[in-house]
Amino acid sequence: MDLQSGQNAPVGGGLVRLALTCDPPNQAASLDVSAFMLNAAGRVSGDGGFVFYGNPSDPAGAVRLDPVAATFQVDLARVPMGIERVVIALSIDPGVAGLRAFSQFRALRLSATSPNVDLQFPVVAAGMTESALIMGELYLRNGAWKLRALGQGFVGGLAPLARNYGVDVSEAAPAPAAAPAQRPPAPPTAPSRIDLKKREPISLEKPAKGFGQIEINLNWTRGQVKRGLFGGKSGGIDLDLGCMVEHADGDKDVIQALGERFGRLDAAPFAKLLGDDRTGESDSGETLLINGDRWAAFKRVLIYAFIYDGAPHWAAANAVVTVQAPGSPELVVALDEHSTGKGMCAIALLENDGGRIRVTKLVEYFAAHPQMDEAYRFGFQWQAGRK
Amino acid sequence: MPVNLTKGGNVSLTKEAPGISKIRFGLGWDARSTDGAAFDLDAVAVVVGANGKVLSQPYFVFFNNLATPDKSVVHQGDNRTGAGEGDDEVIEVDLPKLPAESAKVVFAATIYEADTRKQNFGQVANAYIRAVDEATGAEVMRFDLSEDFSTETSLVFGELYRREAEWKFKAVGAGYADGLAGLVRDYGV
C-alpha cells in the first residue's frame, strides 16, 4: 500500500523493518538515517533514545539501526513504556560537498514491512529545499502501533530537526568510554583543504561508508564578458572540463561536453559531467562526478581542461580544480604554471591504489587531445568534433 | 469549569451558561514546526435550516464572506499562518440575531491550497474548538479533536443546534478529503 504525506496505516505488532532508500540509489552513502524515540511530550527522554550511526540501538534493543543498509529493525514489543512515538529521519551528510538539499535527488522512499504489512511512502524530491526530513513516525494509537507518512523537514539539516525533539546533535556523538589517562593521544585534526603539489601525490583512504560521490570542479576567471543587445556574449574564456577513464577491466572512455560524451553514474563509465557552462554566468564552473561507490571498477582517471575556442590565455584564467570526496579533505590543484599556444591541460591523475584514491597533480600542457593521450597512453582514436 | 467534550458528545450551552446570547467560537491547531509551505487553515461556519442545507449563500461564512447579512455569524478574519497565542481563528455567533428558520450552525476548517501544498489534517496536531460566553469571558465548552486524522483537507469540528428553547453544541470531528468542496456538497451552497 502506498501512503501519501499525512496518511497513516497500522503496522501490526512484533518486528517491523523500516528501510530508507533514494533515487539515484548510488547517492545513498551521502545520507544519514536516525530515529527519535519520543515520550508523550514529544521529547527524547533519557540516554539512548536517539538512534543513529553513533548509537545504533536504544538500550532496550527496540530500535536497531543498520547504518550501511539504512534500515531499522523495530521490535514493537520491546518499546519501553512511556515511548509513544518513534520518528524516522533522513538527512544529508553535512560532509558531502555540494549536496545541500534533497532537490538533488529524484525521489526518496520510506518502506515499512512486516510479515503482514507492506507500506510504501514515496517522496518526490524535486524542488525540495530541505536537507533533513521527518520521513514518518511510528505512533501508539489506542494501544496499537501505526505508521504516519510525513516527508516534512528542515532546510537547516539534522540539527534543527533534532532540537525539535530536545536533542542537541553536537552533543550526540558518542562520548569516549575510556578515562582520559588511558586514552591515546588525539590524532591531529585532519585539514579540510590540501593544496596539491607536483610529485607529491595524496592518497584518500576509503571511509567506512565508502567514497560516495566524488565531485571534481573546475573554476576559473572568465575575464571581460560583454553582453550584447540580444544577450550574446563576446570575449571571456571558456574552459571545458573532461576526463579520460580507464577501468580495471580495460574499458576506456572519454567524458567531456565536446561530442556530448557526458557519461553516467549508475552504470559504466560511473562518471558524469554536469551541464557545460558556456555562458560564463555560472559561479560554480564545471563539475564532473565520479561514483565513488564503484571506485573498485576504476584503474585511473585523467582530469583535464581544454580551451575549445578563443586564445589559450591560461594565465588570465586562474583556473583551479578541486577534488572533493565525502569525508576527505578537499584537494586543490591550481593551474599555477602556464603555457601559451597550447589549448589542453592535463590537470590531475586519480589512480586506484589498492582501493585508495591516489591523486597526483600534473598541470602539463598539450596542443590537443591526441598529444595528451599519447603522453598518458590511453590509446584512443581521435577525430575533430564540434559542440 | 468548561465542559470537555469527546467525539459525538454534546452539551447544553444554555444550561452551562444561563442567559448566554453572544458566543465566541475559537478554533485552534498547532502550526507546523518544520520548514516548508505554511499551513493556512480557514474557519468556516454554515447556518443550515431544518433540511440540513445552508439557508442561502450569504449564510456560508468563510474568508471570502466574513459575515451573514444579519450579522448573526461574524468571522473575525483570517489568520494566515496559525502563529500566535490562543485561538487561531474566531467566529462569533449572536444567538438572538440568528434567523428563526436556522436549525444549526456548523463549524469547520479547511486547509487553503491543500492540494498544491500537499497538506492535510494528518499533518496537523492538537486541533480544538471552544466556546466562550462573550458576556462573562468564561469558557463554556471545549472539544479537543483527538481523532487520528489522515488525508482529510476539511474538517467539521462541531455544530451549534437548537433543541426547543435550548442551544446545544455537539462535538463532530469528521473530515472530508476534498476540502471546501466536501462542505459545499453536503451543506448545499
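Let's start at B:Thr153, which sits in the loop between β10 (139–144) and β11 of chain B. When I say strand or helix, I mean DSSP runs, numbered from the N terminus: helices are H or I with at least four residues, strands are E with at least two. Keep in mind that this is a predicted model, where local features need pLDDT of at least 70, side-chain atom pairs count only at pLDDT 80 or more, and totals for chains, interfaces and linings use all residues. Residues are numbered from 1 along each chain as its sequence is written, chains are lettered from A and ligands numbered from 1 in the order in which they are written, and side-chain values use heavy atoms, with hydrogens and water left out.

So, is B:Thr153 buried or exposed? Its relative accessibility is 5%, so B:Thr153 counts as buried. The cut-offs are under 20% relative accessible area for buried, over 50% for exposed, and partly exposed in between, using a 1.4 Å probe and protein chains only. Leaving aside neighbours within four places in sequence, B:Thr153 has contacts (heavy atoms within 4.5 Å) that include B:Ala109, B:Phe121 and B:Tyr176. A polar atom of the B:Thr153 side chain also lies 3.1 Å from the backbone oxygen of B:Ala177.

Which strands pair with β8(B)? One is β4 (residues 41–48) of chain B, antiparallel over 8 bridges, and another is β11 (residues 154–163) of chain B, antiparallel over 7 bridges. Pairing here needs at least two bridges found by DSSP. If you want to find them on screen, B:Val47 stands opposite B:Val105, and B:Lys104 has B:Tyr161 as its bridge partner.

In the loop between β8 and α2 (114–117) of chain B you'll find B:Glu113. Its phi is positive, about 50 degrees, although B:Glu113 is not a glycine. Why point that out? Most residues other than glycine have a negative phi, and most peptide bonds are trans. B:Glu113 is partly exposed, at 39% relative accessible area.

A:Arg377 is exposed, with a relative accessible area of 69%. And there are cis peptide bonds, too. One joins A:Asp23 and A:Pro24, with omega about 5 degrees, and another runs from A:Ala268 to A:Pro269, with omega near 10 degrees.

Last stop, where the chains meet. 18 residues of chain A are in contact with 15 residues of chain B. In chain A, A:Arg141, A:Gln152 and A:Phe154 lose the most area to chain B, together 37% of what that side buries. Buried area is the accessible area (1.4 Å probe) that two parts lose on being put together, summed over both; here that's about 1200 Å².

How many salt bridges are there between chain A and chain B? The count is 2, where a salt bridge is a side-chain nitrogen of Lys or Arg within 4 Å of a carboxyl oxygen of Asp or Glu. One of them links B:Asp148 and A:Lys146, with the closest N and O atoms 2.7 Å apart.

Notes: A polar contact is a pair of N or O atoms within 3.5 Å; within protein, one must be able to donate a hydrogen and the other to accept it, and residues adjacent in sequence count only if both atoms are side-chain atoms.
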